[in-house]
Each structure stands twice: as structure tokens, then as C-alpha cells.
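Please look through the following report with the sequence and the structure side by side. It takes up the strands and then the helix.

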Amino acid sequence: MTFIMKGKRAPAKASIRYVPAGDGTEVTWSMKGDLASMMPPVLRGLMKPMMSGMIGKNFAKGLACLKGKVEAA
């Protein structure tokens, strides 16, 4: 995935990890990237919590959807 802002590009890599846990599976979904090259230093400190909040909601929604599909199977 690549974030693009004002013509600048910041690649990010997402991963999903599955680990046996008791009678089920623990699923961890993460993303790493570097937005520092896209913005001035003043904004960098503000963007991290904002991105976590925005993207975190999507991760939670996606994991809930995965859980529903697995439990329905």
C-alpha cells in the first residue's frame, strides 16, 4: 500500500499473523510505514495518533468481519 499526499509517496506494508491460542487462533493485523518524508516535522507528532485512530477503526472492522465469517463456517 502506498500513501500519496501532495505528490509525495510513502509505502507501507501490512501483515496478518495467525497463532494458535487455546481452542482458537489469535489474529494480529499490523501495518508499518514511514510518513515522515511526507510532512513537516511539526505535523509528524500529530499524525501518528490520528493515523492509529483512523486506521485502527478499519482494522477492528476487518477483524470483526473475519471473525464472523470464520464462526459461520
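## Strands and helix

Strand S1 and strand S2 (residues 8-21) run antiparallel and are joined by four bridges. These descriptions rest on a predicted model, which should be kept in mind throughout the reading.

| Residue | Opposite residue in S2 |
|---|---|
| phenylalanine 3 | alanine 10 |

The two strands S1 and S2 form a hairpin with two residues between them, and in this turn lysine 6 has a positive phi of about 50°.

Taken as a whole, the sheet is an open one of three strands, arranged in the order S1-S2-S3 with antiparallel pairing. Strand S1 (2-5) and strand S3 (24-33) each have a single partner strand and stand at the edges, so one side of each is left without a neighbour in the sheet. From one strand to the next, the twist averages 20°. Helix H1 packs on this sheet, where it touches S1 and S3, and the direction of H1 makes about 150° with that of S3.

Helix H1 covers residues 41-72, and methionine 54 is found in it.

Conventions:
Residues numbered from 1 in each chain as written. Predicted model: local features only at pLDDT ≥ 70, side-chain atom pairs only at ≥ 80, totals over all residues. Heavy atoms only, no water. Pairing = 2+ DSSP bridges. Axes fitted to C-alpha atoms, helices over the stretch in contact; angles between N-to-C directions. Contact = heavy atoms within 4.5 Å.
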